[in-house]
Each structure stands twice: as C-alpha cells, then as structure tokens.
Amino acid sequence: MKNDKLIYSIGAGLVIIGALMRILHLPYANAILIFAFIAMSMYQTWHVSYLKKRIKELEGKVNG
C-alpha cells in the first residue's frame, strides 16, 4: 500500500492534537481522541486482514 505512512501519520497527528487539547482543557478534545483511536483501529484491522490475504496469495504461488 502506498499511503500507509500517510494514513498512520494523520492518525498519530490527530491523537497528539487531541491529547494536547485535553491537556489545555479545550472543547471537543475527547471527541477527537475517540475518533482518532476508532479510525486508526479500524484501519489497522483492515490492513492486517489485507496483509494476511496477500500472504496467502503469495504462499499459493510458491507452493502451487
């Protein structure tokens, strides 16, 4: 995947921004943190399943 680093960087940036907002007691900090954690966990789950599928495809080519 080409955009993995970009997506992980955006997610990490959102978490850092949410944490800084939380430290400064700014509004919507919890919402940003929750959104960032849920979005990144969903992306990681999808990415792991994609990689497992790709590994099985490559193993099939080697064995078959």
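1. Arg 54 has a relative accessible area of 35%, so it counts as partly exposed. Its partner is Glu 57, and the two form a salt bridge. Glu 57 is also partly exposed, at 38% relative accessibility. Keep in mind that this is a predicted model.

2. How far apart are the closest N and O atoms of Glu 57 and Arg 54? They are 3.3 Å apart. The cut-off for a salt bridge is 4 Å, so this pair qualifies. Side chains of opposite charge can pair when their charged atoms come close. A search of the whole structure finds one salt bridge.

3. Both residues sit in helix α2, which covers residues 29-63. Three residues separate Glu 57 from Arg 54 in position, about one turn of the helix.

4. Now the overall fold. Along the principal axes, the C-alpha atoms fill a box of roughly 60 × 15 × 10 Å.

5. Buried residues are 16% of the 64 in the protein chain. The chain exposes about 5400 Å², and carbon and sulfur atoms supply 70% of that.

6. Look at the nonpolar surface patch too. Ile 16, Leu 20, Ile 23, Leu 24 and Leu 26 form it, with about 520 Å² of accessible area together. Ile 23 belongs to helix α1, residues 4-23. Is Ile 23 buried or exposed? At 60% relative accessibility, Ile 23 is exposed, because the cut-off is over 50%.

Technical notes
Residues numbered from 1 in each chain as written. Predicted model: local features only at pLDDT ≥ 70, side-chain atom pairs only at ≥ 80, totals over all residues. Heavy atoms only, no water. Salt bridge = Lys/Arg side-chain N within 4 Å of Asp/Glu carboxyl O. Helix = DSSP H or I, 4+ residues; strand = E, 2+ residues; numbered from the N terminus. Buried < 20%, exposed > 50% of the residue type's maximum accessible area, 1.4 Å probe, protein only. Patch = residues over 30% accessible without salt bridge, like charges linked within 9 Å, V, L, I, M, F, W, Y side chains within 5 Å. Areas by Shrake-Rupley, 256 points an atom, 1.4 Å probe, with all protein chains shown as cover.
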